[in-house]
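Colleague: I'm new to this one and would like to learn how to read it. Could you walk me through it feature by feature?

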Amino acid sequence: MLTSLRSVPVSSKANDLVSTASFGIKWIHGSVPRSGKRDPPLQLWHFDSSTMILRESKDISFEAPFIYLFLGRKKAMLIDTGATQNRRKFPLRDYVEKELEKWLNSNPYRDYSVIVAHTHSHGDHVAGDLQFEGKPGTVVVGKQVGQVLSFFGISGASGNVGQVDLGGRIIEVTHVPGHHPASVAFYDSQTGFLVTGDTVYPGRLYARDYPAFVDSLNRLVDFAKSRKVSYVLGAHVEMTDTPRKEYPIGARYQPNEHRLEMSMNDLVNVRNAATSLVNRPGPHMFDDFAIYHGSCYRALLSGLFRGMATNLVTRFR
Ligand SMILES: [Zn+2]
């Protein structure tokens with residue numbers, strides 16, 4: 001079932017977008033267990049006729065990652081493929097094909113192709129790749145850092161920025177290691193979206209390689225400041241709409257979530273927070289996000305137990 005909610009009327013020029021305006025969308029956020037209610041496997045929302053944001057249901061995976069689909073005149077780019085491989089359970093390809101069909105009906109192009117890219121290669125962002133691999137007109141970008149950098153033409157000489165032309169729609173890609181060695185951020189000049197994966201989002205920012213994380217955030221802020229960024233868009237929501245209050249790890253039901261979309265200001269806040277913690281490993285909570293500096297095993301373990309307890313309590317209430 002395709003859950004299409006209302007679109008925000010926007011101009012296609014990023015310059016005209018207002019970064020403080022909320023999308024005004026209520027994302028699927030899991031169901032109370034035993035309520036008899038079940039969310040659709042995916043929610044698809046049209047930002048405009050060529051830009052879609054999808055979210056995997058929390059009923060399928062507690063990660064409930066967000067996925068982005070940008071349509072150009074000659075190519076489409078799907079950013080991330082979710083946490084679930086099984087197409088019957090998680091029919092990502094069906095949702096994408098339906099959108100492509102609609103798009104090509106009004107924008108016919110003979111050799112239309114699809115690039116399946118990733119914000120990084122953790123399992124909750126690449127599991128659906130199998131639904132696309134080997135399909136005609138489809139290129140699935142490799143998961144290794146070298147494959148990612150070479151696909152997008154990112155090198156030291158390019159200032160760590162590469163790009164792909166989707167046909168009248170340039171997507172710039174910049175390398176932002178720290179959460180994962182192959183992490184990249186995508187900038188779409190048409191909407192002004194900066195898609196940041198797990199590097200920046202309203203949730204727990206796990207910085208395994210802290211020096212790389214801080215360096216990446218500094219470069220990302222510079223990158224974003226020299227472009228028109230409308231929204232900074234990550235891959236999860238783990239914060240509530242109350243400042244400094246997160247959902248426990250593994251939460252399956254998040255009724256009062258923080259909004260997905262963040263602003264340029266939020267990005268600068270994340271960078272500033274990260275630089276202030278260079279000598280302070282461990283978990284640190286801020287209004288709209290948390291930073292986990294280093295491995296943080298103890299905090300993660302207790303968070304995991306809290307999450308399991310919450311899920312159990314919700315289930316048997
Ligand atoms: Zn993730």
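This is a predicted model: local features need pLDDT of at least 70, side-chain atom pairs count only at pLDDT 80 or more; totals for chains, interfaces and linings use all residues.

Colleague: How many helices and strands does the protein chain have?

Modeller: The secondary structure comes to six helices and 16 strands. As for contacts, take those with a separation of 6 or more: 64% of them join residues 24 or more positions apart.

Colleague: What pLDDT does the protein chain average?

Modeller: The average is 90, and 89% of the residues score at least 70. Be careful with residues 1–15, though, where the pLDDT is below 50. That stretch still has 30 contacts in the model beyond near neighbours in sequence.

Colleague: How far apart are the end C-alpha atoms of helix α5?

Modeller: They are 18 Å apart, which agrees with the 18 Å that its 13 residues (264–276) should span at 1.5 Å a residue. Its buried residues are M264, D266, L267, V270, R271 and A274. They cover an arc of only 165° around the axis, which puts them on the same side of α5. There they pack against β12 (204–207), α4 (210–225), β13 (231–234), β14 (261–262) and β16 (290–293).

Colleague: Now the strands. What holds a sheet together?

Modeller: Strands of a sheet pair through backbone hydrogen bonds, either parallel or antiparallel. Here, six strands form an open sheet in the order β8-β9-β10-β11-β13-β14, with mixed pairing. The edge strands are β8 (161–165) and β14, each of which pairs on one side only. Helix α4 packs on this sheet, touching β8, β9, β10 and β11, and its direction makes about 155° with that of β9.

Colleague: Which strands pair with β10?

Modeller: Strand β9 (residues 170–175) pairs with β10 in the antiparallel sense over five bridges, and V173 stands opposite F186 there. Strand β11 (residues 193–197) also pairs with β10 in the antiparallel sense, over three bridges. In β11, L194 is opposite Y187 and V195 is opposite F186. Between β10 and β11 there are four residues, making a hairpin, and G192 in the turn has a positive phi of about 80°.

Colleague: Is β10 covered on one face or on both?

Modeller: Both: V184, F186 and D188 are buried on one side, and A185 and Y187 on the other.

Colleague: Can we zoom in on one residue? What does L220 touch?

Modeller: L220 is found in helix α4. Leaving aside residues up to four places away in sequence, L220 touches T174, V176, A185 and L267. It counts as buried because 26 other C-beta atoms lie within 10 Å. L220 and R271 are 51 residues apart in sequence, yet 8.8 Å apart in space, C-alpha to C-alpha.

Colleague: You mentioned a positive phi. Why look out for that?

Modeller: Most residues other than glycine have a negative phi. A64 is not a glycine, yet its phi is positive, about 40°. A64 is found in the loop between β3 and β4, and it counts as buried, with 28 C-beta neighbours inside 10 Å. R244 also has a positive phi, near 65°. R244 lies in the loop between β13 and β14, and it is exposed, with 12 other C-beta atoms within 10 Å.

How values were computed: Residues are numbered from 1 along each chain as its sequence is written. Helices (H or I, at least four residues) and strands (E, at least two) are DSSP runs, numbered from the N terminus. The expected span of a helix is 1.5 Å times one less than its number of residues. A residue is buried if 20 or more other C-beta atoms lie within 10 Å of its own, exposed if 12 or fewer, and partly exposed in between; C-beta atoms are placed from the backbone. The arc is that of the directions from the helix axis to the C-beta atoms. Two residues are in contact if their C-beta atoms, placed from the backbone, lie within 7 Å. pLDDT is the predictor's confidence in each residue, from 0 to 100. Two strands pair if DSSP finds at least two bridges between them. Axes are lines fitted to C-alpha atoms, for helices over the stretch in contact, and angles run from 0 to 180 degrees between N-to-C directions.
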